[in-house]
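Here is a friendly walk through one protein chain, from its overall make-up to a few individual residues. Have the model open beside you as you read.

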Amino acid sequence: MTTHPSRRRLLTRGAFLGGALAVPGFLAACSRTEAGTGAPAGDADLLERLRKQGHVRVGFAGEAPYGFQDGGTLAGEAPTLHREIFTALGIPELRPTLSEFGSLVPGLLAGRFDVISAGMAITPERCAKVAFSEPEFVSPTALMVRRGNPKGLDDLASCAAGKVRVGVLTAAVEVSYAKAAGVPDGSVVTVAKQQDGLDALLAGRIDAFALTGISLRWLARTNRGAAVEVLEPFVPVVDGVKRYSPGGAVFRQGAVSLRRAFDERLAAITGDPARYVRLIGKYGFTEREVPPRTLRTAELCAG
């Protein structure tokens with residue numbers, strides 16, 4: 001069967017939950033709205049309006065290394081790529097709003113920001129509500145285990161065979177990946193955020209923590225000295241389809257000109273792997289995470 005990259009649901013929350021990031025001159029949601037949705041009307045000219053005002057409002061969820069606050073600065077894969085792209089489009093400033101991950105799409109639709117800058121997964125369910133850019137990255141799944149890999153694990157199938165407990169983020173796609181691999185419900189342990197998964201692993205409450213390889217490498221990096229290791233990434237298979245985990249920027253469906261202009265600039269970056277790594281390599285992104293040219297959002301949205 002022909003396989004296509006997955007539609008990972010990064011429904012995770014980082015360490016910076018709870019309220020909006022205070023930014024001078026922060027703009028409240030637009031007063032002009034689309035009837036019945038709360039979304040701003042006139043998104044067809046959003047690109048020109050953003051150019052005139054010189055800034056774009058972005059929503060992020062505090063999840064490293066995708067989008068987070070670092071010493072008061074908006075950092076991570078998505079804000080770094082988006083800052084490069086929007087600056088090239090004549091919009092030099094990103095004005096951030098911190099939100100729980102599950103509130104990002106509602107916040108976008110309600111007009112609290114113009115773009116989601118959080119490494120959000122491209123899924124058919126989300127595509128029914130919002131418009132995604134072309135993929136910014138792909139990130140296969142990996143396992144974090146205790147140092148030395150005492151259970152001899154390498155993927156979720158080995159977790160099922162070994163009858164071990166697997167940690168996953170609440171409402172994340174790894175829940176379905178684990179079940180598809182044969183891990184029973186009673187052996188799937190949910191945690192609220194990344195650090196909780198590492199802590200549960202060290203405390204012996206779980207035997208493996210499943211997440212994207214990018215996220216787990218960053219977690220290990222920010223917990224230097226912890227007695228854990230990240231195993232080689234693997235590609236889960238659900239219903240005969242390989243799941244590669246692509247993510248992108250998110251727009252309201254009416255912002256067609258903005259999204260098209262964004263995609264044109266994004267293609268110039270993803271089409272130059274050396275530039276891609278120069279921009280976001282410090283966040284753990286390598287040439288392995290560059291999305292192939294054949295990977296298209298339309299295909300991912302179609303399921």
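This is a predicted model: local features need pLDDT of at least 70, side-chain atom pairs count only at pLDDT 80 or more; totals for chains, interfaces and linings use all residues.

Contact, here, means heavy atoms within 4.5 Å, and angles run from 0 to 180 degrees between N-to-C directions.

**The chain as a whole**

The chain contains 11 helices and 15 strands. Of its 303 residues, 53% count as buried. If you take the contacts between residues at least 6 apart in sequence, 76% of them join residues at least 24 apart.

How many of its residues are buried? Strand β8 (residues 141-146) runs antiparallel to β11 (residues 208-212), and 4 bridges join the two. Along that pairing, L143 has A210 as its bridge partner in β11, and M144 stands opposite F209 of β11. Strand β8 also runs antiparallel to β12, here with 3 bridges, and V145 stands opposite E229 in β12.

A further helix belongs in this picture.

Two packed helices are described by the angle between their axes and the distance between the axes.

| Helix pair | Angle | Axis distance |
|---|---|---|
| α9 (residues 256-270) and α10 (residues 273-280) | about 100° | 6 Å |
| α1 (residues 46-53) and α9 | about 75° | 6 Å |

Why are these pairs called roughly perpendicular? Angles of 65 to 115 degrees count as such; α9 and α10 are therefore roughly perpendicular to each other, and α1 and α9 are therefore roughly perpendicular as well.

Between α1 and α9, the contact is made by L46, L47 and L50 on the α1 side and by S257, L258 and A261 on the α9 side. By class, this contact has 5 nonpolar residues, 1 polar residue and no charged residues. Turning to α9 and α10, the residues A268, I269 and T270 of α9 meet P273, R275, Y276 and L279 of α10. The contact of α9 with α10 has 5 nonpolar, 1 polar and 1 charged residues.

In soluble globular proteins, nonpolar side chains tend to be buried together. The largest nonpolar core in this model has 36 residues, and those with the most contacts inside it are V56, F86, V115, L258 and F285. Helix α9 supplies the largest share of this core, 5 residues. What does F285 touch, once residues up to four places away in sequence are set aside? Its contacts are P65, Y66, E77, F137, I214, Y276, V277 and I280. A second, separate core has 19 residues, including L143, A160, V164 and Y177.

**Two loop residues**

A181 is found in the loop between α6 (174-180) and β10. With a relative accessible area of 29%, A181 is partly exposed, because that category covers values between 20% and 50%. Not counting residues up to four places away in sequence, A181 touches L156, A157 and A160. The C-alpha atoms of A181 and A157 are separated by 5.0 Å, although the two residues are 24 residues apart along the chain.

N149 lies in another loop, the one between β8 and α5 (156-161). Is N149 buried or exposed? Its relative accessibility is 17%, so N149 counts as buried. Leaving aside neighbours within four places in sequence, N149 is in contact with E229 and L231.

Methods:
Residues are numbered from 1 along each chain as its sequence is written. Side-chain values use heavy atoms; hydrogens and water are left out. Angles under 35 degrees count as roughly parallel, over 145 as roughly antiparallel, 65 to 115 as roughly perpendicular and the rest as oblique. Ala, Val, Leu, Ile, Met, Phe, Trp, Tyr, Cys and Pro count as nonpolar, Asp, Glu, Lys and Arg as charged, and the others, Gly among them, as polar. Two strands pair if DSSP finds at least two bridges between them. A nonpolar core is a set of buried Ala, Val, Leu, Ile, Met, Phe, Trp, Tyr and Cys residues joined through side-chain atoms within 4.5 Å. Buried means under 20% relative accessible area, exposed over 50%, partly exposed in between (1.4 Å probe, protein chains only).
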